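I want to know what sits inside and what holds the parts together.

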Amino acid sequence: MARASYAIAIGSNRRGRHGSPEREVGAALEALGGVVAVAPVIRSAPLGPSLRRYANTVALVESPLSPPEMLARCKAIERSFGRRRGRRWGTRVLDLDLVLWSGGPWASRGLVVPHPAFRTRDFVLTPLAQLVPDWRDPVSGLRIRQLAQRLRRARAVDPAASAP
């Protein structure tokens, strides 16, 4: 397979062996490899029951891996950082999500790209729009910056609009 570009959302809201959530995010970027661009880390409120704020960013990664292979790599990195399966939206030392890839939509057992919830998550769309504002969502056809603007407008009208 030719080299593909992946937009990978990275988040942490628990200290790990690398230190603070921001340091965990930085270590994850090193572990990913092939990183060609990274948005600034932002702090965001947690989804669900966790009380700890997240450190979030999005990285643009180039790789010859297929989407299932990239997902397996991300899951292996999460495990190596101490991530264990558990309560949904609980605290976690690392969360890596495949948001988009340059090959368009992908669906297989256990993987859907684009990420089904990325259009409703400001902590993904804001950094994603900083990196690749003109990439198009292969489902809606809208540019990333358009999706981010729509979400900001919806949140201005109804602050609960960005909830999952």
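My entries below go from the whole chain to single residues.

**Entry 1: ground rules.** I am reading a predicted model, where local features need pLDDT of at least 70, side-chain atom pairs count only at pLDDT 80 or more, and totals for chains, interfaces and linings use all residues. Residues are numbered from 1 along each chain as its sequence is written, and side-chain values use heavy atoms, with hydrogens and water left out.

**Entry 2: the whole chain.** I looked up the helices and strands (DSSP runs, H or I of at least four residues for helices, E of at least two for strands, numbered from the N terminus). The protein chain has 4 helices and 7 strands. Their order along the sequence is β-α-β-β-β-α-β-β-β-α-α.

Next I checked burial. Buried means under 20% relative accessible area, exposed means over 50%, and partly exposed lies in between (1.4 Å probe, protein chains only). Of the 164 residues, 45% are buried.

Then I turned to contacts (heavy atoms within 4.5 Å). Take contacts between residues at least 6 apart in sequence: 62% of them join residues at least 24 apart.

**Entry 3: the cores.** I searched for nonpolar cores, meaning sets of buried Ala, Val, Leu, Ile, Met, Phe, Trp, Tyr and Cys residues joined through side-chain atoms within 4.5 Å. The largest one has 24 residues. Ile8, Ile10, Leu32, Leu94 and Leu96 have the most contacts inside it. Two or more residues come from each of E1, helix H1 (21-32), E4, helix H2 (67-80), E5 and strand E7 (111-113). H1 gives the most, with 5 residues.

I then followed Ile8. Beyond four places in sequence, its contacts include Leu32, Met70, Cys74 and Leu96. A second, separate core has 19 residues, among them Ala7, Ala9, Leu125 and Ile144.

An α-helix has 3.6 residues a turn, so residues three or four places apart point the same way.

After H2 comes Gly82, with a positive phi near 100°.

**Entry 4: helix H3.** In H3 (residues 122-131), I found Phe123, Val124, Leu125, Pro127, Leu128 and Ala129 buried. The buried residues of H3 pack against several elements, including strand E1 (4-12), strand E5 (95-101) and helix H4 (144-157).

**Entry 5: two single residues.** Is Glu22 buried or partly exposed? Glu22 counts as partly exposed because its relative accessibility is 34%. Glu22 lies in helix H1. Its side chain makes a polar contact with the side chain of Arg43, at 3.0 Å. A polar contact is a pair of N or O atoms within 3.5 Å; within protein, one must be able to donate a hydrogen and the other to accept it, and residues adjacent in sequence count only if both atoms are side-chain atoms. Glu22 and Ala55 are 33 residues apart in sequence, yet 5.7 Å apart in space, C-alpha to C-alpha.

His115 is in the loop between E7 and H3. His115 is buried, with a relative accessible area of 18%. Beyond four places in sequence, His115 touches Asp97, Leu98, Val99 and Arg121.
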